Amino acid sequence: FGFPAFGDKPGDYMKVEQDLKGFTERGWIDFSFQNYYALLNCGFRMRPTAGTASGVHPVPLGFGRVYVHQPERFSYNGWVQGLDQGNSFVTTGPMLFVNMDGKRAGTSFKTDGGREFHVTGTAVGGVPLERIEIVVNGEVTRSLKPANRKNMDGAFETVIDEKVNLSESGWLIVRCYEDRPDRRVRFAHTSPFHVDVAG
């Protein structure tokens, strides 16, 4: 982690973790998420992507990645289109495959009133996961304790199967964090699902 004092100071409302040097690694990630969530709350339908900054930030190439769902064969145009549609997740470690009502991340749901949505999927880590969170309009509305069952590849896997009520327009993402013995922060984060409630 290389930038404890990089960029603007967080707003007091953010309550991000800091120490005497500035941001902790967890605080920096939380600060970044909260800034992204503020933009989503302003109505900007932005998709997350990833970059390594290797050579500036002390991480290896490919440390921050974005995975895009490719239902057919891989193609550059298909990948870019899927990224633009938000059919993706970003990660620095775990893998996160999530649907809402059977639809991929990036989907916009239109409804006449608030209703219940079914969030399903799997979170997979090379080490056990610490927690899985469902975030609605910038607030953690559900924190799940991962099952961390070893799958046939030896990875730690948790099934996600949650019902979430959304009563107004907004967005929902799922994120997860690994429980690493070195206390470094590794996460995965879906693109948003958007809900447009009439009126």
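1. A salt bridge is a side-chain nitrogen of Lys or Arg within 4 Å of a carboxyl oxygen of Asp or Glu, and accessible areas come from the Shrake-Rupley method with a 1.4 Å probe, with only the protein chains shown counting as cover for residues. On these terms Leu39, Phe44 and Met46 make a nonpolar surface patch of about 260 Å².

2. The model is a predicted one, in which local features need pLDDT of at least 70 and side-chain atom pairs count only at pLDDT 80 or more, while totals for chains, interfaces and linings use all residues. Residues are numbered from 1 along each chain as its sequence is written, and side-chain values use heavy atoms, with hydrogens and water left out.

3. The protein chain holds two helices and 15 strands, which are DSSP runs numbered from the N terminus (helices H or I, at least four residues; strands E, at least two). The radius of gyration, taken over C-alpha atoms, is set against a globule rule of 2.2 Å times the number of residues to the power 0.38. Its value for the protein chain is 17 Å, close to the 16 Å that the rule gives for 199 residues, so the chain is as compact as a globular protein of that length. The C-alpha trace spans about 50 × 45 × 35 Å along its principal axes.

4. Buried means under 20% relative accessible area, exposed over 50%, and partly exposed in between (1.4 Å probe, protein chains only); buried residues make up 42% of the 199 residues.

5. A careful reader may ask about the cysteines. Cys42 is exposed at 60% relative accessible area, whereas Cys176 is buried at 0%. A disulfide is counted as a pair of cysteine sulfur atoms within 2.5 Å, and by this rule the count comes to zero.

6. Turning to the strands, which pair if DSSP finds at least two bridges between them, five of them form an open antiparallel sheet in the order β6-β5-β8-β12-β11. Its edge strands are β6 (103-104) and β11 (149-150), each of which pairs on one side only.

7. Within that sheet, β8 (residues 115-125) and β12 (residues 156-166) pair in the antiparallel sense over eleven bridges. Val124 has Glu157 of β12 as its bridge partner, and Glu116 stands opposite Asn165 in β12. Gly125, also in strand β8, counts as buried at 2% relative accessibility.

8. In β12 the covered face consists of Phe156, Thr158, Ile160, Glu162, Val164 and Leu166, and the uncovered one of Glu157, Val159, Asp161, Lys163 and Asn165.

9. Glu168 lies in the loop between β12 and β13 (170-178) and is exposed, with a relative accessible area of 53%. Glu168 and Leu144 are 24 residues apart in sequence and 23 Å apart in space, C-alpha to C-alpha.

Key:
Patch = residues over 30% accessible without salt bridge, like charges linked within 9 Å, V, L, I, M, F, W, Y side chains within 5 Å.
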